[in-house]
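Me: I would like to learn how to read this structure. Could you take me through it one feature at a time?

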Amino acid sequence: MKGTVELIGMHFRARHGCLDEERRLGNEFAVDVSAEYEMEPCAKTDDLARAVDYSVIYDLVKEEMETPSRLLENVAYRIKTRIQSAFPQLESLKVSVIKFNPPVGGETAASKVTL
């Protein structure tokens with residue numbers, strides 16, 4: 001029985017971006033993670049040790065968000081790699097990194113990269 005665990009809208013203040021000002025002042029970001037895996041063992045037993053612990057996913061995301069990057073693609077890649085290493089049982093994994101108020105020369109709510 002495959003299922004999906006998701007963490008939606010994890011919010012962080014971080015220093016990602018190509019501009020010096022972005023890296024100095026920081027900006028607001030959100031991260032979404034969606035992971036699919038075989039859930040029958042944990043669903044039947046109610047055993048966290050058999051599940052993908054989303055508190056661990058949060059901690060991994062938080063650690064990667066604390067390391068500045070120029071590109072959102074790099075941030076998403078690092079997050080995805082860390083989660084895949086921690087949970088090799090994942091059958092699919094999607095990571096989105098959203099930057100609010102990106103410096104694009106006009107009004108835009110957010111930019112988003114998904115891997």
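**Reading the helices and the sheet**

Reply: Start with helix 3 (residues 54-65): at 1.5 Å a residue its twelve residues should span 16 Å, and its end C-alpha atoms are 16 Å apart, so the two agree. The expected span is 1.5 Å times one less than the number of residues. Helices (H or I, at least four residues) and strands (E, at least two) are DSSP runs, numbered from the N terminus. This is a predicted model, in which local features need pLDDT of at least 70 and side-chain atom pairs count only at pLDDT 80 or more, while totals for chains, interfaces and linings use all residues. Residues are numbered from 1 along each chain as its sequence is written, and side-chain values use heavy atoms, with hydrogens and water left out.

Me: Which residues of helix 3 are buried?

Reply: Buried means under 20% relative accessible area, exposed over 50%, and partly exposed in between (1.4 Å probe, protein chains only). In helix 3 the buried residues are Ile57, Leu60, Val61, Glu64 and Met65. Seen down the helix 3 axis they fall within an arc of 135°, so they line one face of the helix; the arc is that of the directions from the helix axis to the C-beta atoms. As a general idea, an α-helix has 3.6 residues a turn, so residues three or four places apart point the same way.

Me: What covers the buried residues of helix 3?

Reply: Contact means heavy atoms within 4.5 Å. The cover includes strand 1 (2-14), strand 2 (27-38) and helix 4 (72-86). Leaving aside neighbours within four places in sequence, Val61 is in contact with Met10, Phe12, Val31, Val33, Ile79 and Ile83.

Me: In what order do the strands form the sheet?

Reply: Two strands pair if DSSP finds at least two bridges between them. Here four strands form an open sheet in the order 1-2-3-4, with antiparallel pairing. Strand 1 and strand 4 are the edge strands, each pairing on one side only. Eleven bridges join strand 1 to strand 2; in this pair, Met10 has Val31 of strand 2 as its bridge partner, and His11 stands opposite Ala30. Strand 2 also pairs with strand 3 (residues 92-100) over eight bridges, where Asp32 stands opposite Ser96.

Me: Where does helix 4 lie?

Reply: For angles, axes are lines fitted to C-alpha atoms, for helices over the stretch in contact, and the angles run from 0 to 180 degrees between N-to-C directions. Helix 4 lies across strand 2, strand 3 and strand 4, at about 145° to strand 3. Its buried residues are Leu72, Val75, Ala76, Arg78, Ile79, Lys80 and Ile83. These pack against strand 2, helix 3, strand 3 and strand 4 (110-114).

Me: Which residues of the largest nonpolar core touch the most other members?

Reply: In soluble globular proteins, nonpolar side chains tend to be buried together. A nonpolar core is a set of buried Ala, Val, Leu, Ile, Met, Phe, Trp, Tyr and Cys residues joined through side-chain atoms within 4.5 Å. Of the 29 residues in the largest one, Val31, Val33, Val61, Met65, Ile79, Ile83 and Val97 touch the most other members. Strand 1, strand 2, helix 3, helix 4 and strand 3 each give two or more residues to this core.
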